[in-house]
Amino acid sequence: MSRPLLSAPAIWRVAELLRGAVPPGDYGPVILAFTVLRRLELARGRPVAALAAVARAADPQARLETLLARLPAPVRDMMAQMDMGLLATRLARAGVLGAVAAHFAALDLSPALYGTQAMARLFEELVHHFDHDRSTGAHYTPPEVTDLMTDLVFAPDAAGTRHALYDPAAGTGALLGRAADRLAARDVAVDLFGQEISPRASAICQADMLLRGQKPARIHSGNTLAVDHHAGRHFARMLSNPPFGVDWRAIRPQVQAEHEAGPAGRFAPGLPRVADGSMLFMLHLLAKMRSPAQGGARMGMATHGAALGGGGAESGESAIRRHLVAHDLIDTIIALPGDMFVNTGIATYVWIFDNSKPARRRGMVRLVDATGLWRRCVRSSGEKRREMTQAHIATVKHASMADTDMDLIMRPEADGGAATWQTVAWDAPATTGCDRDRVPLSRTVPGQDFLYRSLTVERTAREAGAASRTTFTVDMAQDPQAWFTRMIQPFDPTARLDMARSTVGCAISFARYFSVPPTPRPLRVIEDDLRRSMAQLAALMPGAGG
């Protein structure tokens, strides 16, 4: 009879020993490090009992230091980034190091019981518990968002395909690991690469790679925006959920130098505000794409709403979007439901980029409004109160990949989530009784539609003082002079169009394509309301009562 698999809570019970010995924030690194050590000693060709020896030793700290010194260099580095030496000292001073070692020495984490995928899932559960208690949620990507990005980025790949998969903001590796597991179910293999700014998080990610049978050395520690530790390497597939609103003031010289280097740098198209460097990650990913001549690349990235329309026409954000349109790099943008992320309730979007789009999609961008496809979480976590099911993901994937635009007919739950829904082609005849529940789900838009002109109109000062300037946003299809002659001159003959200040901007507005105007009330109902209102007014007039 096979032995039952351990659960993460069984491992986490060691927290009883850690209480008072180390701060609660260090429980995770201790547990993860000892989990890795136990797995490694059981995964050897001839298993050893090193942790049991630590537990029995008169000086467990010295015995543990000997054990760590004999580890391969990459694993030693990993343990150092987890502050294992300092943590061991604290445990030894509290007199619990031997007991902690004994706890893990008693766990069966052998490959015979835990295959590579089972061990990876166990480790991911441990990491999630560790991240779940962090107030920032900086490294946590909702699993359904990972699933959606993975399905869309790898949509062209058949069973038997193998790719290198890269994440420049890898965190503890949850996104890469979940993507690898999802792809394995499709018989699509990936070699995982990444970089992470937090030394401890990158060490945990390296440990996860080790337990997955991947190469930990492919995960680097350091600020990706300052120094690309995978410089010279390009990837066919990439996924990332970089931090929102990251301030890059401290690395401005490095970023500015790469911007000024033009095509030789990563940030040539433009620089966003220093208070929000999320679009720098977008430019970094674009620079890492495998060239179309080598087969092209697809990548998925989660962003906040400012990436779509933040900044004026002359801003760095607008310049980056113009670059994306000019080079036809945007395949799909998906508006996600609100309250999906642990650390933010703001509107979030998934971008899918492709530098080798099929002919039928060239010059076009698919927009998908998935804001209505959610259900309430059974248990809320931070700002996360909603989640997408696999059925929701399948609907969004279908709308993203279909050759026709789609509408959604949805019956909502009492809390606003989708109870039942179906998709129909946008031009399908209306269904009796369902017209009011039908909303746009996907629309295919020429990328050039996102461009606009910013025109400056100067007006002569009517009193003492400088002339005034007003900026107008005008569709690119309109001739500037014709617009000015029709819209401004008849009302102010002294006004002047200052073409020297004219600029071209780029912004992506979902409201432009998905806003559904309210159904106007019948005229009879409006007339009845007016009569009632007039009667109420008449009753308030002096002498109305007598």
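Of the 546 residues in the protein chain, 50% are buried, meaning under 20% relative accessible area with a 1.4 Å probe and protein chains only. The model is predicted: local features need pLDDT of at least 70, side-chain atom pairs count only at pLDDT 80 or more, and totals for chains, interfaces and linings use all residues. Residues are numbered from 1 along each chain as its sequence is written, and side-chain values use heavy atoms, with hydrogens and water left out.

**Overall build**
- The protein chain has 20 helices and 17 strands, taken as DSSP runs (H or I, at least four residues, for helices; E, at least two, for strands) numbered from the N terminus.
- The C-alpha trace spans about 95 × 65 × 50 Å along its principal axes.
- Among contacts (heavy atoms within 4.5 Å) between residues at least 6 apart in sequence, 74% join residues at least 24 apart.

**Confidence**
- Mean pLDDT, the predictor's confidence in each residue from 0 to 100, is 88 for the protein chain, and 93% of its residues reach 70 or more.
- Over residues 132–139 pLDDT stays under 50, and the model has 11 contacts beyond four places in sequence for this stretch.
- Where pLDDT is low, the predicted coordinates should not be read in detail.

**Nonpolar cores**
- A nonpolar core is a set of buried Ala, Val, Leu, Ile, Met, Phe, Trp, Tyr and Cys residues joined through side-chain atoms within 4.5 Å.
- The largest one has 53 residues, and those with the most contacts inside it are L18, F34, L37, L64, M79, L91 and F104.
- Helix α3 (residues 27–43) supplies the largest share of this core, 9 residues.
- Not counting residues up to four places away in sequence, M79 touches A33, V36, L37, L68, L71 and M84.
- A second, separate core has 46 residues, including W248, V274, I330 and L451.

**R38 in helix α3**
- R38 is found in helix α3 and counts as buried because its relative accessibility is 10%.
- Its contacts, leaving aside neighbours within four places in sequence, are L51, F104, A105, L107 and L109.

**Packing of α10 and α17**
- The axes of helix α10 (residues 143–153) and helix α17 (residues 390–401) come within 10 Å and cross at roughly 30 degrees; axes are lines fitted to C-alpha atoms over the stretch in contact, and angles run from 0 to 180 degrees between N-to-C directions.
- The contact is made by E144, D147, L148, D151 and L152 of α10 and by Q390, I393, V396, K397, S400 and M401 of α17.
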